[in-house]
Amino acid sequence: MAHTPLPLIHQDAQLLAVHKPAGLLVHRSALDAQADDDVVTRLRRQTSAPVWPVHRLDKGTSGVLLLARDAGTARALGGWFGAASQGEARRIDKRYLALVRGWPAEAGEIDQPLARDPELPSTGQPQLPACTRWRVLQRLLLPLATDGRHADTRLALVEVQPLTGRRHQIRRHFKALAHPLIGDATHGKGPLNRAVAAQVGHGRLWLHALQLSLPHPATGVPLVLQAEPESAWQAWDRWAT
């Protein structure tokens, strides 16, 4: 089965960065055993060469994804991302765009430990340090009644900077703030997700990896990788307050 080539953001002898679309796995996973397509397989066909993922994005998340073109670079970057997940050795800086329920504070930081595995009950699991910063970019007001107490629905576009790298960190932290991400089937609100999808005619997890910054592993030169949001994100402008 033929698949559309992935948009390349950056490529050199050591690195390959792509704009991953929402709905595509990074690599084959037992969590989605029925999927017959993923970034790694598609890129190996697209470039006729092996690639190694050095970090991950959830299937529903779009945006910047970095891969290595050799095993040595993969090991080095894996160490960097591993340190970043612990909030150490801040070589890696990640910025996301998210659409959340309600109107959070203009800017803030949540420093709340998270259980290691978000698929399992938190009770009894190790609680790992996790910290996320955000700032509101736009406040939105949809003419949509999703709560019997209000005639409209408040949403916000936020820029998010995870300072650690726990699985589903952004999604779980915004759930803890009572501002879950729109389209998040695991940590969000199903009726709200369905109502918003019907209103805009587009259903997805509204989380986009906007920018990834790091020193080049071979040269040390600062590298800033960016993926502009898909056109669907522009539709929210009409409801900006």
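1. Contact here means heavy atoms within 4.5 Å. Helices (H or I, at least four residues) and strands (E, at least two) are DSSP runs, numbered from the N terminus. The buried residues of helix 3 pack against strand 5, strand 6, strand 7, strand 9, strand 10 and strand 11.

2. On the basis of the numbers: this is a predicted model, in which local features need pLDDT of at least 70 and side-chain atom pairs count only at pLDDT 80 or more, while totals for chains, interfaces and linings use all residues. Residues are numbered from 1 along each chain as its sequence is written, and side-chain values use heavy atoms, with hydrogens and water left out.

3. Buried means under 20% relative accessible area, exposed over 50%, and partly exposed in between (1.4 Å probe, protein chains only). Six of the eight residues of helix 3 are buried, which leaves the helix mostly covered. They are Gln169, Ile170, Arg171, Arg172, His173 and Phe174. Just after helix 3, Ala178 has a positive phi of about 70 degrees.

4. Next, the nonpolar cores. A nonpolar core is a set of buried Ala, Val, Leu, Ile, Met, Phe, Trp, Tyr and Cys residues joined through side-chain atoms within 4.5 Å. In soluble globular proteins, nonpolar side chains tend to be buried together. The largest core in this model has 26 residues. Val39, Leu43, Leu67, Val158, Phe174 and Leu181 have the most contacts inside it. At least two residues of this core come from each of strand 2 (15-20), helix 1 (39-47), strand 4, strand 5 (93-101), strand 9, strand 10 (153-162), helix 3 and strand 11. A second, separate core has 16 residues, among them Ala17, Leu66, Ala68 and Ile92.

5. Leaving aside neighbours within four places in sequence, Val158 touches Tyr96, Leu97, Ala98, Val100, Pro104, Trp134, Arg135, Val136, Leu137 and Phe174.

6. Which aromatic rings pair up? Rings of Phe, Tyr and Trp (its six-membered ring) pair if their centres lie within 6.5 Å; planes under 30 degrees apart count as stacked, over 60 as edge-to-face and the rest as tilted. The count comes to four aromatic pairs. Trp134 and Phe174 form one, edge-to-face, with ring centres 5.9 Å apart and planes at 65 degrees. This pair links distant parts of the chain: Trp134 is in strand 9 (residues 131-142) and Phe174 in helix 3 (residues 169-176), 40 residues apart. Trp134 is buried at 10% relative accessibility, and Phe174 is buried at 0%.

7. Trp206 and Trp233 make another edge-to-face pair, with centres 5.0 Å apart and planes at 85 degrees. Trp206 sits in the loop between helix 4 (190-200) and strand 11 (207-215), and Trp233 in the segment after strand 12 (222-226), 27 residues apart. Both are buried. Ring pairs join Trp206, Trp233, Trp236 and Trp239 into a cluster.

8. Two arginines sit over tryptophan rings. The rule asks for NZ of Lys or CZ of Arg within 6 Å of the ring centre and within 35 degrees of the ring normal. Arg154 lies over the face of Trp103, 3.9 Å from the ring centre. Arg204 lies over the face of Trp206, at 5.4 Å.

9. Salt bridges number 12. Each is a side-chain nitrogen of Lys or Arg within 4 Å of a carboxyl oxygen of Asp or Glu. Glu106 and Arg139 meet at 3.0 Å, N to O. Glu106 is in the loop between strand 5 and strand 6 (107-111), and Arg139 is in strand 9, 33 residues apart. Arg139 is buried, at 18%. Arg167 and Asp117 meet at 3.6 Å, N to O. They lie 50 residues apart, Arg167 in the loop between strand 10 and helix 3, Asp117 in the loop between strand 7 (114-115) and strand 8 (127-128). Arg167 is partly exposed at 22%, as is Asp117 at 24%. Salt bridges that share partners join Arg56, Asp58, Arg171 and Asp184 into one network.

10. Arg56 is partly exposed, at 43%, whereas Asp58 is buried, at 13%.

11. Last, His55. This residue is in the loop between strand 3 (52-53) and strand 4 (62-68). His55 is buried, at 13% relative accessibility. A polar atom of its side chain lies 2.9 Å from the backbone nitrogen of Leu66. Beyond neighbours within four places in sequence, His55 is in contact with Val26, Val64, Leu65, Leu66, Phe81 and Leu212.

Definitions and conventions:
A polar contact is a pair of N or O atoms within 3.5 Å; within protein, one must be able to donate a hydrogen and the other to accept it, and residues adjacent in sequence count only if both atoms are side-chain atoms.
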